[in-house]
Amino acid sequence: STSNIIEIEFRFECGAGYRLANQTFTDKLDDFLQMDAIFMPVQKVDFKIENVYDSYNQITERLIVDIFTDGSITPEQAITKAAKHIIDLFTLISTYKTPTEVTTPQVKVSESPESKYA
């Protein structure tokens, strides 16, 4: 009887975001099948908004957020990173200058007498 044996070696790396196969391994080996990598530590996010009544019978709202991760980061780290990304995005948007706001230096071009008669 003949026996067939297959030997497979896996290499796993940690990371964040999306990385193409050609950016995955630092040392390029010919005998590795490289694959695109997606690192998404946040698996699920649920939220709920509740009405809260104070002693004066005024309504305020409470936001409850449940964050489920794969364990590579904590839910606190996930929400901190998300908040930083949102702040950076809105900072970029708020400092954006429209084309009418951008001033271009005025340069006065005068023709030399020689160019008029050339």
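Biologist: What are the ground rules for the numbering and the values?

Modeller: Residues are numbered from 1 along each chain as its sequence is written, and side-chain values use heavy atoms, with hydrogens and water left out. The model is predicted, so local features need pLDDT of at least 70 and side-chain atom pairs count only at pLDDT 80 or more, while totals for chains, interfaces and linings use all residues.

Biologist: How many bridges pair strand S3 with strand S4, and in which sense?

Modeller: Helices (H or I, at least four residues) and strands (E, at least two) are DSSP runs, numbered from the N terminus. Two strands pair if DSSP finds at least two bridges between them. Strand S3 covers residues 42–53 and strand S4 covers residues 59–69. Their pairing is antiparallel, over 11 bridges.

Biologist: Which residue in S4 is the bridge partner of Lys 44?

Modeller: S3 and S4 form a hairpin with 5 residues between them. Within S4, the bridge partner of Lys 44 is Phe 68.

Biologist: What is the phi of Asn 57, and is the residue buried or exposed?

Modeller: Asn 57 sits in the loop between S3 and S4. For accessibility, buried means under 20% relative accessible area, exposed over 50%, and partly exposed in between (1.4 Å probe, protein chains only). With a relative accessible area of 60%, Asn 57 is therefore exposed. Although Asn 57 is not a glycine, its phi is positive, at about 65 degrees.

Biologist: Why does Phe 47 count as exposed?

Modeller: Phe 47 is found in strand S3. Phe 47 counts as exposed because its relative accessibility is 63%.

Biologist: How many salt bridges are there?

Modeller: Side chains of opposite charge can pair when their charged atoms come close. A salt bridge here is a side-chain nitrogen of Lys or Arg within 4 Å of a carboxyl oxygen of Asp or Glu. By this rule the count is 4.

Biologist: How far apart are the closest N and O atoms of Lys 84 and Asp 88?

Modeller: Lys 84 and Asp 88 are separated by about one helical turn, because they are 4 residues apart in helix H1 (residues 75–94). Lys 84 is exposed at 52%, whereas Asp 88 is partly exposed at 39%. In their salt bridge the closest N and O atoms are apart by 2.9 Å.

Biologist: Which backbone oxygen lies 2.9 Å from the side chain of Thr 69?

Modeller: Thr 69 is found in strand S4 and counts as buried because its relative accessibility is 19%. A polar contact is a pair of N or O atoms within 3.5 Å; within protein, one must be able to donate a hydrogen and the other to accept it, and residues adjacent in sequence count only if both atoms are side-chain atoms. The Thr 69 side chain reaches the backbone nitrogen of Gly 71 at 3.4 Å. The backbone oxygen 2.9 Å from a polar atom of the Thr 69 side chain belongs to Ile 73.

Biologist: Which residues is Asn 51 in contact with, leaving aside neighbours within four places in sequence?

Modeller: Asn 51 is in strand S3 and is partly exposed, with a relative accessible area of 49%. Contact means heavy atoms within 4.5 Å. Leaving aside neighbours within four places in sequence, the residues in contact with Asn 51 are Ile 59, Thr 60 and Glu 61.
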